[in-house]
Amino acid sequence: MMTKLLTCCAALLGLFAFDNSASAYFWYTTAPRCTSQADCGSGLTCMEMHDSLKFCLTTCSGDGECGGQICHHGGCVTPTRWFRTELTVKVSTTVPQEVAWDVMEPLVHQAYDAWVDLPGCNVPQVDVVGTTASTAITTPTTLAEEPDNIVVFIKDSQRWRDIPGATNTQIALTIIAHNPETGEIADADIAVNDAAFAFTTEDDATAGVDLLSALTHEAGHFFGLAHSKDVDATMAPGYGSDLSRRIQARDPATDDVQGICSLYQNVPPHVDPTTGGTGGSDGGGCAGAGDGGATGLAGVLALLGLVAVRRRRVAVSARRA
Ligand SMILES: [Zn+2]
């Protein structure tokens, strides 16, 4: 009896959880950007989505109107997400001087685990498999490359600004490379702005940026979540004005959970481009960003279309906290 009851309630909860028409979370998608209706072809509408950015979309009120795409906030979209079910991440050994190395690797683990271990969701597994000597983000040039998915700490302000879309007020960002046709993420690297910010891992520290909540936010981008309009969400673009809020952001809020669980429903299988076989192996990466001086996180995402790099789109948003 109890089992039945739980099943019933879980199903009901699911209905609410995945009714994204009333939600605050957003997914990254393959949709082209626009600034006005004139940028969109016939039948498409220039609609505002996350971070006040606009995209050319077919309007919808349900998935049935989207011909294989998904109806997300009133527009038919192909989400940007991982098809692989198991991903690996490497952490740069060049860490912020204020954070001990033996703290860093478990901290990165913790940031990903906050999303991976959500009960009842099909978020890809992420394993932090060691270190990289790389001190810069990397971008694959073909879909056949294995993702390296690195977390790097950029110590030089000029090198930070060299990252597409980066500004000095961003705490971190995630660069995602995806297949523009299918939305499959092929690589995602997180870069932390160690040139402009000091970081802390202490619960009660007020002097630095809370590194765990920043990494958890970036990990959300890594999986394909854009910024949420829910101010209590980990994926809110600006947070951190008070200590309790920063600590709270280390754990995904209800809106974040709904966002990622719905994103990882009915995911197509990964197809190995070299063999044509399916199966999950490596992969992972995401980009998020911080802004608002010492008090805010904002988002910056660069989507690098692998098939056609010339179609590279850079979406930048910064919320002033
Ligand atoms: Zn962000």
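1. Helices H2 and H4 cross in a right-handed sense. The contact draws on Leu-107, Val-108, Gln-110, Ala-111, Tyr-112, Ala-114 and Trp-115 from H2, and on Leu-211, Leu-212, Leu-215, Thr-216, Ala-219, Gly-220 and Phe-223 from H4. Sorted by class, these contact residues comprise eleven nonpolar and three polar, with no charged residue. It should be kept in mind throughout that the model is a predicted one.

2. As for the geometry of this pair, two packed helices are described by the angle between their axes and the distance between the axes. For H2 (residues 101-116) and H4 (residues 211-223), the axes come within 8 Å and the crossing angle is roughly 50 degrees.

3. Leu-212 deserves a separate look, being placed in helix H4 and listed among the residues that make the contact with H2. Leu-212 counts as buried because 22 C-beta neighbours lie inside 10 Å, where the cut-off for burial is 20 or more. If residues up to four places away in sequence are set aside, Leu-212 touches Leu-107, Gln-110, Ala-111, Thr-201 and Arg-250. The C-alpha atoms of Leu-212 and Met-104 are separated by 9.4 Å, although these two residues stand 108 residues apart along the chain.

4. Strand E8 (residues 150-154) is largely enclosed by the rest of the structure, because five of its five residues are buried. In a regular strand the side chains alternate between the two faces of the sheet. In E8, Ile-150, Val-152 and Ile-154 point one way, whereas Val-151 and Phe-153 point the other way, and all of them are buried.

5. The pairing of E8 can be followed strand by strand. Strand E6 (residues 86-92) runs parallel to E8 and is joined to it by two bridges, with Lys-90 having Ile-150 of E8 as its bridge partner. E8 also pairs in the parallel sense with strand E10 (residues 185-193), here over four bridges, and Val-151 has Ile-190 of E10 as its bridge partner.

6. An open sheet of three strands, with antiparallel pairing, has the order E1-E3-E2. E1 (33-34) and E2 are the edge strands, each having a single partner strand, so one side of each is left without a neighbour in the sheet. The antiparallel pairing of E1 with E3 extends over two bridges, and Cys-34 has Lys-54 in E3 as its bridge partner.

7. Which backbone positions call for a check of phi? Asp-51 has a positive phi of about 55 degrees although it is not a glycine, and Asp-51 is placed in the loop between strand E2 (45-48) and strand E3 (54-57). His-73 likewise has a positive phi of about 55 degrees without being a glycine, and His-73 lies in the loop between strand E4 (70-72) and strand E5 (75-77).

Conventions: Residues numbered from 1 in each chain as written. Predicted model: local features only at pLDDT ≥ 70, side-chain atom pairs only at ≥ 80, totals over all residues. Axes fitted to C-alpha atoms, helices over the stretch in contact; angles between N-to-C directions. Left-handed = near helix turned anticlockwise from the far one by under 90°. Contact = placed C-beta atoms within 7 Å. Nonpolar A, V, L, I, M, F, W, Y, C, P; charged D, E, K, R; others polar. Pairing = 2+ DSSP bridges. Buried ≥ 20, exposed ≤ 12 C-beta atoms within 10 Å, placed from the backbone.
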